[in-house]
Structure formats: structure tokens, C-alpha cells
Amino acid sequence: MELLHNFRLFISGSWHLITRGNRLYYAWVGFLLVLMALGGLAYANQLRHGLIVTHMRDQVSWGFYIGNFTFLVGVAAAAIMLVIPAYIYDWEPIKEITLLGELLAISALVMCLGFVMVDIGRPDRFWHIMPLVGSLNWPVSMLAWDVIVLNLYLILNWVVVTYLLYCAYTEKHYVKKLVTPLVLLSIPMAVSIHTVTAYLYNGLAARPFWNSAILAPRFLASAFCSGPAILLVVLQVLRRMTKLRITDEAIHKVAELMAYTMGFNLFLTAAEAFKEFYSQTEHVVYIQYLFFGLKGHNTLVPYAWASQIFGLAAFLLFLIPKTRKDWRTLNLGCVLIYASVYIEKGMGLIIPGLTPDALGEIYEYTPSLTEIAVAAGIFAMGFLVFTLMLKAAVPMMLGDFTIRKAPGEPHPEPPEQAAPIIP
Amino acid sequence: MSCGSGNSDKPCSCAGNSVATTTAASEPDPTRRAMIATGIAAVASILTGCDKKTFDEFTQHNFRELGKAEINDIIARLEAEYSADYGKPVHVGTEPAMQGVVFGYALDLSRCVGCRRCVHACVKENNQSRDPEIQWIKVLQMDKEEGVSLQHADPYYTPKEVPEEGHFYMPVQCQQCRNPPCVKACPVGATWQEPDGITVIDYNWCIGCRYCMAACPYGARHFNWGEPNLPKDEMNPDTHYLGNRPRRKGVVEKCTFCVQRTRKGQYPACLEVCPTGSRKFGNLMDPKSEIRYVLENKRVFLFKEDLNTKPKFFYFYGV
């Protein structure tokens, strides 16, 4: 009963934290709510008229929604990338930020599920895909696998985060024997969600652009740059706006890891391009459409090159110690990586996979206004989830907000160990 | 070119004698599942306050897991609904696959002139949306110099008269693969291959994720992007649950070799209308069938053979 009582206090305390903030906080939350409302309106319109209000058609049957979904699965997977060095090398400065990585993973997954929901033609039949209740075509369908691993990963991260924060709030020590295995489990789970998502495309022999054995490694490599890119910026913001202490060393170490994965990602892209362009089979048309255009259709060309140039520039910025340690170039690198991977694993993956279509027809797809509005709404929802979770989590992590301390009251002395709750 | 004269309308048989199901009882413990589903649906229904028809539609389970009584209820519901919608008695059949029958189709590339009569007869027979028009058959105009090359195929040819000099025509529809990638892809088992080799969709179970469309190498699957627009007077009331009954928006549809006709011993609509006799259809299990004659005596090829989808739709050169 005490547990239930305390948990209720934990929830009401969290609510207290997320509903109070300074003007900037309200403005930011308000802005996200407005975007969500616009997205909601656009989605209501899509529900009424059907997916015909998008620019997807039989030729290009997946588009902006599924592109964003794929990119965000990478972000969700990569947030946990920080856990790997923290635990395998027992490297303290990074350990402190793994909880933030988990929060990012949860937010990314919320957006992933949102993008899947808005993409399906019959959202009212969502229960058909639920295990036990519906009839999941498992283990044959890769999409069935994806549904399972994404939800398990979401639940896993949510449980770990909630438990750790609850312990911090009640000023109790978490049970290490319980948490460490779960955190360690999240590493292979993170790899698996992105691998399964890659296999979703990889397994389709009908689409030569996706039917490449290095698709899953490419997914992982690119994700392991984009996820931390977001996190590095968030860490700097948090450092400035809260009392959370994150060492420069941790940030620079993550940036160094990103340089290696970006280099590997560029190498894999080059390997793919070599195979296609050197052998010149009829399957070359898809990558040709992406990088050079086909028969006068070249919507994707500038984006494809921008993605590669951004990636290469960021790789160099993060590789050279001097630019890695300069905050201006570091942040520029983060933005470049984010943009590069967003193009590559979003539209740069989905559209050339389906263009030309199975019978050779070229239908040039660009998202409709509805698709953009709905996507903006889902991104706003994800950012809102992330913001609210951070708002509640950071004071708890710092020991500033516990069951004994009234909300808002400053801690007598700055916390010695920035995050006592980290396993 | 003159297109559009389809087959004559079938007299409708509205006796409503729904035959037994094609259920393959392979799913474990359907009753428990059904109970859970019904429970959830009941809650949903109370929360949303919807009527009985919507409720029944929402809770309807995968066709392959339904019992005979449930199917009869569903057919009665659908027939009433369609009859009201289209202002005429509509029959929804559930004829199962015939014993010892596996359907095969062969198309003579040396005869086809690209008139697209098959395309329009198909639309008429199978109750596709008219606006935007969904076509299950796509005729590709190819260069004779290039052979069967999709990079040189034009599906939108519009000359005054066909065939055009220097071109040949290749109609593409569902290849009814023996190893169908679309069936593998579907996350909810809403599409499957029947014992007579026809891959069908339960339009009431499809969630519209379109993964099957990405998986199909033949562009044979089509999505109802908007609410299908089927004028009352053009609606063909002789339908099959797994075939040409009217669809709603948000689900995928495809060629079923006219399951509503072929399971009653008739030819598919596309074959009947073909003016050149390019289309051959029959039972692959019957050694004396025309389709077997074609396979054994003509030069036959499979479209995208390297994908190992094992189509039961064959292309051949008759002359």
C-alpha cells in the first residue's frame, strides 16, 4: 500500500513539475501544442477522405510517413548506443547521460508508432495486429516482427526509466541486480529494432535498391551518428538551463565515437555505390534516380548529394580533435549529421526503393501539405513527450525533487554526484 | 484504338445460398481469441456508442478463422448493406476452391495487340472504383528492339490505332505466384493463397499498411486511396466475398482470376473479352486442358523468373 501511495505521490509530483516553468518553457510547450493541433486537423481530414490527400499512389505506396518512421527507429536505437561504452568500458562520464538517452529513445518510439498509425489505411483495425487478440502473421512477416520488437523496446525503456526515477524520488537505492540486466538487455534490443526495420526492406526481392545485404549495417552505422547528434545538442541545452553537470570530456568522447561511425557509414555507402555503378545491371536505375536522376526526373538529386556532402563534412569536423572540441564546429557537425542521416534514411531510402516502380514507371513523389502537417504534428508530439519527461526527470536525477522535499525548493548544496541514480 | 466494350452483364443469381467456407483450420484456439476480441470490441463499442452494424463490422475476425454460422451472418449483413447501397439485390458468394483444381493462365505475346479491352472488362466485372479508376491489368507497350525491358516499357501509350509498328504488348496482372511475396509480407494474415492457387484478400481484415504492395514484384496490388466510387448502375451484383464484392477506402485489392466466375466454371472476364484469343486459362492439374497444352508445346517464359516467385501466369509465343 505504501508503494501505491508513494507512486501516486510520484505521479502527482511529476505533474507538478511539468505544469510549472518559466516563460520560455510555456512558450515552447505552447508552440508544440499548436503544431500538434495543426497536425491533428490535417489527420482528421486524412481520416475523412482517405490517404488520397497524400501524394502517395500505387507506384510509390510508401512515402514521407514511413521515411520518418525509419529515421526515428534509428534515433531510438542509437540513444542506447551511449550505454555500450558506459557499461563495457565502465566509463563514468557517459554513464550519467544514459538515462537521458533512454528518454530520447522513448520519445523517438512514440513518434515511430505515430507515423505507423497515420500511414495505415484502416487505423480502426489496429487490433488486428495485436498479439493474441488479432492474428499476427509471425514469424513470417517482417512487419509483425517489427511491431513486436518496437513495443518491447518501448516497454523496456519505459520500465527502466520509471523505476530509476521512482527510486530517486523516494530516495531509495534501486536494486542493482534488477536494473543492470535490463539496461544490458536494452543494448541488443536497440540493435535488434533497427536490424528488424532494415530487414523489413531488405527482405523484399521485388525492390533491388533495398535488397542489399549491407542494408542493416548501413542502418546501424547511420543511426549511431544521428541519435547522438541530437543528444549532444540536448546535453548542452540541459547543462545551461539546469544544474545537471555534464563534463566536456563526455561530450567530446561521444563526438569521437560519432566520427568513427560516420566514417564507417560513408564507407558502406561507397561500397553500395561501387557495386551498383560498376556492375551496371538493370538494377542500377534506382541509385541512378537517387544521385543523377532518370529520364529527366531528378527531384531527389540535390538532397542525395547534400546528404553525402554533409556527412563527409561532419565526419571531418568530428575526426579532427581541434574542430571536435570547438563548440561552434561541434554543433555545426551535429546539425550536418542530423540533416545528412535524415535525408539518407528517410526519403533517400524509401523513394528510390519504389522509383521506378515494379513495372518501370517513374512517378515523382513529393509529400503533400497534409503529409507535412501531419508529420510536423507527430514531431511536435515527440518533442513534447521528451520535454515533459526531461522537465520531471532532471530535478529527480539531481536529487532536487524527492518525496521529502517540497517542489521547487533548492537543494542545500549542489549535488556531489550529478546522478546518483545511474546504475 | 477502340477500348471499353466489355463482356455482357451476367444475370444475377441472388438466391443467397452461401456455400461452405474455404477455411483452413490452422490457427490455434480461435474461440479464446474470439472471446478476447469480442471483449475488447464490446468495451470499444460502449465507449464510442456505435450501432450494431458498425460493431459487428469492427469485431469481425479474419475470414479464415470464422465458423460456418459466423460466415453466414457476415454474408447476410454484407448482402443487405450492398443491396441498400447499390439499389439492387446483391449476391455475395463464398464458393470454395474445387477439388483437384489449380488455375493457371497463359498469355500469347505474339497475338496481343494492346487494345486494353481486358483492362476495362476487368474493371467492369470486378467492381473497381471508377474515379479514380483502379485497374488490375496494366498493358505495357514494349520496343521490339529492346525485348521485354521494363526500362523501355510505356503503360500510357495512346495511339489512334494499335498495334503500333515496332512495338509489342505485354499485359501484366497478378501472376498468382506459388511462392507469393505479398502473402509473406502481410503482418495480419489478411491475404493468402487458396487451395486452387488464387491469392485472395479479406477486405474486412486488411489494415491498409501496404507492405504487400512493396513486396509485389509485378505491381499487381492496388490500394483504395480514397473512398471507391462505383456508380449504382455499373455495379456487378454477382460477387464473391474474396473477389469482386465492393471494397471500402483504405484497403488493398488485386486480381483473383475472377474467383466469382472461375469457381463456377466460367472463364475470367479478361479472357472472354479478348478479341485476339491471346488469353488461355484452365486447370493445371488436368493433363488435357488447353493451358497444359500451351505449357507443353509452346515457348513459355515467366516474368521476373529470377525472383523465384513461381508464377502461375505464363507468357508464351504462340506463333
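Leaving aside neighbours within four places in sequence, with which residues is B:Asn224 in contact? Point 6 below returns to this question.

1. Basis of the note. This is a predicted model, in which local features need pLDDT of at least 70 and side-chain atom pairs count only at pLDDT 80 or more, while totals for chains, interfaces and linings use all residues. Residues are numbered from 1 along each chain as its sequence is written, and chains are lettered from A and ligands numbered from 1 in the order in which they are written.

2. Chain A. The secondary structure of chain A consists of 16 helices and zero strands. Here helices (H or I, at least four residues) and strands (E, at least two) are DSSP runs, numbered from the N terminus. The C-alpha trace spans about 70 × 55 × 40 Å along the principal axes of chain A. The radius of gyration of chain A is 22 Å, which agrees with the value near 22 Å for a compact globule of 423 residues; this radius is taken over C-alpha atoms, and the globule rule is 2.2 Å times the number of residues to the power 0.38. Of the 423 residues in chain A, 47% are buried. A residue is called buried if 20 or more other C-beta atoms lie within 10 Å of its own, exposed if 12 or fewer, and partly exposed in between, with C-beta atoms placed from the backbone. Among contacts in chain A with a separation of 6 or more, 79% are between residues 24 or more positions apart. Two residues are in contact if their C-beta atoms, placed from the backbone, lie within 7 Å.

3. Chain B has nine helices and 12 strands. Buried residues account for 46% of its 319 residues, and residues 24 or more positions apart supply 68% of the contacts in chain B with a separation of 6 or more. The chain is divided into domain 1 (21-89) and domain 2 (93-319); such bounds come from an automatic or database domain assignment.

4. Four strands of chain B form an open sheet in the order E10-E2-E12-E11, with mixed pairing. Two strands pair if DSSP finds at least two bridges between them. The edges are strand E10 (279-283) and strand E11 (299-301) of chain B, each of which pairs on one side only. From one strand to the next, the twist averages 30°. E11(B) and strand E12 (residues 313-317) of chain B run antiparallel and are joined by three bridges; B:Val300 has B:Phe316 in E12(B) as its bridge partner. Helix H9 (residues 290-297) of chain B lies across strand E2 (103-108), E10, E11 and E12 of chain B, at about 110° to E10(B). For such values, axes are lines fitted to C-alpha atoms, for helices over the stretch in contact, and angles run from 0 to 180 degrees between N-to-C directions.

5. Backbone details. A cis peptide bond with omega of about -5° joins A:Thr355 and A:Pro356; A:Pro356 is in the loop between helix H15 (347-354) and helix H16 (369-397) of chain A. In chain B, a cis peptide bond joins B:Val162 and B:Pro163, also with omega of about -5°. B:Gln176 is not a glycine, yet has a positive phi of about 45°. B:Gln176 counts as buried because it has 26 C-beta neighbours inside 10 Å. B:Arg210, likewise not a glycine, has a positive phi of about 70°, and is buried, with 24 other C-beta atoms within 10 Å.

6. The surroundings of B:Asn224. B:Asn224 lies in the loop between E7 and strand E8 (238-240) of chain B. Leaving aside neighbours within four places in sequence, B:Asn224 is in contact with B:Ser129, B:Arg247, B:Arg248, B:Lys249, B:Gly250, B:Val251 and B:Glu253. B:Asn224 is buried, with 24 other C-beta atoms within 10 Å.

7. The interface. In all, 45 residues of chain B are in contact with 38 residues of chain A. Elements giving two or more residues to this side of chain B include helix H1 (30-48) and strand E3 (138-143) of chain B.
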